[in-house]
Amino acid sequence: ASCFEGIAMAPPDPILGVSEAFRADTDAKKLNLGVGAYRTEELQPYVLDVVNKVSKLYLSNWYIAERLMLERSENKEYLPIEGLAAFNKVTAELLFGADNPVINQQRVATVQGLSGTGSLRLAAALIERYFPGAQVMISSPTWGNHKNIFNDARVPWSEYRYYDPKTVGLDFEGMISDIKAAPDGSFIVLHGCAHNPTGIDPTPEQWEKIADVIQEKNHIPFFDVAYQGFASGSLDEDASSVRLFAARGMELLVAQSYSKNLGLYAERIGAINVVCSSADAAARVKSQLKRIARPMYSNPPVHGARIVANVVGDPALFNEWKAEMEMMAGRIKNVRQKLFDSLSAKDKSGKDWSFILKQIGMFSFTGLNKTQSDNMTNKWHVYMTKDGRISLAGLSLAKCEYLADAIMDSYH
Ligand code: PMP
């Protein structure tokens with residue numbers, strides 16, 4: 001008998017498990033709208049040109065690469081626990097804007113993390129250690145991994161209302177009253193832009209009201225920014241929610257990811273930023289984040305950090321990156337429009353599909369329930385999460401008609 005007899009089989013991950021099922025399907029019409037990864041119009045994975053350009057310094061020609069690395073003294077030594085200094089500098093500047101007082105006054109504790117997930121996990125450990133019993137509030141629904149992250153960090157969480165199925169829009173009243181009802185000093189997890197899974201963001205006026213309530217209640221905003229520049233195509237516009245809160249002088253947490261906007265999914269590059277009311281507090285918070293990281297994974301990987309630092313640090317590459325983000329965001333917007341057009345043309349029931357156009361980012365919440373989502377997969381070979389979320393980044397203009405047929409058949 002095995003000593004592991006008592007260990008049961010874990011269920012597949014609700015998001016990554018969809019890709020496993022997709023790979024096993026042999027039908028030519030199959031479509032993977034499960035995982036949120038950008039695809040080209042030909043539905044192929046995409047490496048950004050700017051990433052190829054800076055990565056080629058390391059990969060294309062071994063001799064040139066080695067020489068360049070030596071010149072730039074880019075070796076494979078361990079990074080410091082807090083990560084690559086040049087990366088930490090540019091990542092905070094991208095988020096807040098380089099001239100933001102929180103940066104000039106050195107009030108941001110920035111630590112490189114293992115992409116968005118790892119950065120959220122560091123912050124969760126900080127909350128567990130220094131805010132015992134504090135409540136974390138997450139939106140209902142939210143990205144599924146939020147619950148896993150707080151559970152594993154042993155941080156209690158509860159949900160605030162967010163999605164209104166009647167309008168397939170934001171339940172703003174519900175959101176505000178739940179945030180008001182939370183115990184003072186709760187951490188409020190907010191999606192900086194392109195809410196996952198709904199694609200529904202508050203308006204600028206609504207963000208102001210959310211900030212009012214959070215301030216009134218002495219809550220601590222905890223932003224998850226996984227799509228900066230990828231949602232609207234503009235880095236500044238997608239960071240406006242975070243900057244609005246920072247401009248009020250509030251203390252806040254922000255987890256960042258470069259998986260989507262720079263297509264660095266597998267490099268695991270991101271950061272946790274804690275804005276404090278003084279430089280002194282920021283220095284202490286940073287020291288504790290490092291103390292948490294050290295026994296977890298010791299220090300972060302270097303390759304993705306160098307790519308980000310090199311792209312942002314070179315004006316020509318930085319502009320190229322912005323253009324590529326606009327291109328990716330633009331392709332998703334085109335697909336969104338085409339899907340809306342196809343659905344509106346096919347649906348004779350008078351149903352209003354305009355909610356699809358109001359959503360932003362790579363996801364669309366279709367309003368399909370679990371049974372209908374099952375029909376999408378079992379009959380139409382369209383793979384998606386069971387909450388009715390589809391990734392428009394996995395869709396091409398050419399496949400919109402087919403998807404609209406599948407949705408019509410599943411709805412009615
Ligand atoms: N937060 C949200 C809301 C996300 O959608 C994602 C990506 N799916 C992440 C965080 C983090 O992803 P990663 O760890 O790849 O950066």
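Trainee: How many residues surround the ligand, and which are closest?

Mentor: A residue counts as near a molecule if its C-beta atom, placed from the backbone, lies within 6 Å of it. Here 13 residues surround the ligand. The closest are Ser115, Gly116, Thr117, Ser257 and Ser259. One caution: this is a predicted model, where local features need pLDDT of at least 70, side-chain atom pairs count only at pLDDT 80 or more, and totals for chains, interfaces and linings use all residues. Residues are numbered from 1 along each chain as its sequence is written.

Trainee: Which helix gives the most to the shell around the ligand?

Mentor: Helices are DSSP runs of H or I, at least four residues, numbered from the N terminus. Helix H6 (residues 115-130) gives the most, with three residues.

Trainee: What does the largest nonpolar core contain?

Mentor: In soluble globular proteins, nonpolar side chains tend to be buried together. A nonpolar core is a set of buried Ala, Val, Leu, Ile, Met, Phe, Trp, Tyr and Cys residues joined through C-beta atoms within 7 Å. Buried means 20 or more other C-beta atoms within 10 Å of the residue's own. The largest core here has 112 residues. Helix H14 (residues 315-346) supplies the largest share of this core, eight residues. Ala123 is among those with the most contacts inside the core.

Trainee: Which residues does Ala123 touch?

Mentor: Contact means C-beta atoms, placed from the backbone, within 7 Å. Leaving out residues up to four places away in sequence, Ala123 touches Phe222, Leu253, Ala255 and Ile272.

Trainee: How much of the protein chain is buried?

Mentor: Buried residues make up 45% of the 412 residues.

Methods:
Buried ≥ 20, exposed ≤ 12 C-beta atoms within 10 Å, placed from the backbone. Helix = DSSP H or I, 4+ residues; strand = E, 2+ residues; numbered from the N terminus. Contact = placed C-beta atoms within 7 Å.
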